[in-house]
Amino acid sequence: MKTLSKIYNILIFLFLYAPIVVMIIFSFNDSKSRTVWKGFTTKWYAELFGDQAILDALLLSFIIAILAAIISTVIGAAAAIGLKSMNVKLRNFMMSLNNIPMVNPEIVTGVSLMLLFVVVYRTTGLLQPGFGTVLLSHITFCVPYVILSIMPKLRQMNPYIYEAAQDLGCPPARAFMKVVVPEIMPGIITGMMMAFTLSLDDFIISYFTSGSSAQTLPVVIYSMTRKRVSPKINALSTILFLIVLFLLVIINFRQIRDSAKEREKEQVKG
Amino acid sequence: MAKKKNSWLAAPFGVWMAFFTLIPLGVVVYFALTDSAGAFTFDNLLGIGQHAGTLLRSIWLGAIATVLCLILGYPVAYSISRAKGVSQQTMVMLIMLPQWMNFLLRTYAWMTLLENNGLINKFLGLIGIGPLSMINTSGAVVLGMVYNFLPFMILPLYSVMTKIDKHTIEAAQDLGANGLNVFRRVILPLSVPGIITGITMVFVPAVSTFVISKLLGGGKDMLIGDLIEMLFAGTAVNYNVGSALSLVLMILIVVCMAVMNKFDDGEETGALIA
């Protein structure tokens, strides 16, 4: 039974990783062919870094992701704190509002925003599809995730420490910065990181809201896959994969180390 | 309480959501119920009938992919939830890792594997089978869906399963339940919330996809997502019909989720009583 489940897990992981491994191998293939190995080369990487369209798109994606992460974190953190002190009815209403972009199929969110921008542009001449519309859309789908990662931290927080700070003569705004913000910081950071990656990776919503002037990297990748050509795309995938692998391994090791420390502490206590 | 003062902090969020979530959905409804001149009409919604085949095919392929994800993912989630410390964390990381790579690139990788002279057919040729035509079939589309969304099934299942109290399982064993009965009477009922979350997390993106069907299905058998994409950004722009289709897709998914949630409540209380 044990070995059987091991073999099964290996097969599933093989299924998940086979395409990625093939892609990495063929990013070094000295031929345009995607099936025949013709020898080792790094020319696709050189071509990738010489491709101005891809580099521009990458830069644009990063700028939008950073701005979307910062703005959605500010809106989301304020909202989470505000929601906490609201009456239940209003809060439930706001939370269901918060759920809409997460539950709705992305394509519907995409086309609804596109229609909004089209209507606004036709009537007022504002919000021409481009950088602004993509950024507004990204903030819209990031805010809900920020709120959901901060809410649990607020719930865990002891409300009396904020009041205690005020009782001890700290003005409310300062007490807020000194007491509440540090308490919910882990939630804020998780939310911001989530917003950043969601924005960086988004294709569907950007596709409908970007127009031709602000094509993010996924949108450019999509137009590349439609033409089915250059192995540059394999090189790009390999680089992105290695970056993600590196980041996740670091995060994972930190978690393992932290949980080992926790266990040590508990043993000392026990 | 002094806390009440803080509720104004949610105001920017409320305004933002009104502008960029509620009003856009209102605009979709408006376009769905008007013709190109702006006059009120039901024609767009009534015209959906001619796309019934596309709609049904999307639901059918999405449902197959969801069931496959559940069948394939359940044992993996279970064995991860039973693994110890470091190996558990590593396995979760390995499940998440491909997810962090752009899904267009992952789907593109399958395109090169499934081609008529692709690697799988090359391999099959070596052992004397094929070539099979795999790309541009419904099967390839389902495969793409399963591949892209399998982690969405495994992760919620895993997180529910790790919360199952070990003592409950031990109690069942002490009371004489064999492996199958422990699974059927304890583990399965307690993992229902994870199954529900997993199903919605796979079904919603699967049923509304347009990228997977374009890349792996060759655009022959259109899905509802392809149709919507075509009507908004493609060759046959018609915002009114496109909005009607989007509205139908949205309602369809809300109905599915409502049914699933009913099922969830019933099962949970049922499990408690039994």
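This is a predicted model: local features need pLDDT of at least 70, side-chain atom pairs count only at pLDDT 80 or more; totals for chains, interfaces and linings use all residues.

Residues are numbered from 1 along each chain as its sequence is written, and chains are lettered from A and ligands numbered from 1 in the order in which they are written.

**The two chains**

Chain A has 11 helices and zero strands. Here helices (H or I, at least four residues) and strands (E, at least two) are DSSP runs, numbered from the N terminus. Chain B, in turn, has 13 helices and zero strands.

What does the radius of gyration say about how spread out chain A is? The value is 24 Å, well over the 18 Å that the globule rule gives for 270 residues, so chain A is more spread out than a compact globule. This radius is taken over C-alpha atoms, and the globule rule is 2.2 Å times the number of residues to the power 0.38. Taken along the principal axes, the C-alpha atoms of chain A fill a box of roughly 75 × 65 × 35 Å, and those of chain B fill one of roughly 75 × 70 × 35 Å.

Chain A is divided into domain 1 (1-29 + 231-270) and domain 2 (51-227), with bounds that come from an automatic or database domain assignment. The centres of these two domains, taken over C-alpha atoms, are separated by 28 Å.

**A helix pair within chain A**

Helix α6 (residues 131-156) of chain A meets helix α8 (residues 172-201) of chain A, and the axes come within 8 Å and cross at roughly 155 degrees. That makes α6(A) roughly antiparallel to α8(A). The axes are lines fitted to C-alpha atoms, for helices over the stretch in contact, and angles run from 0 to 180 degrees between N-to-C directions. Angles under 35 degrees count as roughly parallel, over 145 as roughly antiparallel, 65 to 115 as roughly perpendicular and the rest as oblique.

The crossing of α6(A) with α8(A) is right-handed; a crossing is left-handed if the near helix is turned anticlockwise from the far one by less than a right angle, and right-handed if clockwise. Among the residues that make the contact are A:Phe141 and A:Tyr145 of α6(A), together with A:Ile184 and A:Met194 of α8(A). Two residues are in contact if their C-beta atoms, placed from the backbone, lie within 7 Å. By class, this contact has 13 nonpolar, six polar and two charged residues. Ala, Val, Leu, Ile, Met, Phe, Trp, Tyr, Cys and Pro count as nonpolar, Asp, Glu, Lys and Arg as charged, and the others, Gly among them, as polar.

**Where the chains meet**

How many residues of chain B are in contact with chain A? There are 61 of them, and they touch 57 residues of chain A. The largest share of the side of chain B that touches chain A, 13 residues, comes from α1(B). That side has 41 nonpolar, 16 polar and four charged residues.

| Helix pair | Axes within | Crossing angle |
|---|---|---|
| α1(A) and α3(B) | 10 Å | roughly 120 degrees |
| α6(A) and α1(B) | 10 Å | roughly 120 degrees |

A:Ser5, A:Tyr8, A:Asn9 and A:Ile12 of α1(A) make the contact with B:Leu72, B:Pro75, B:Val76 and B:Ser79 of α3(B). The contact has five nonpolar, three polar and no charged residues.
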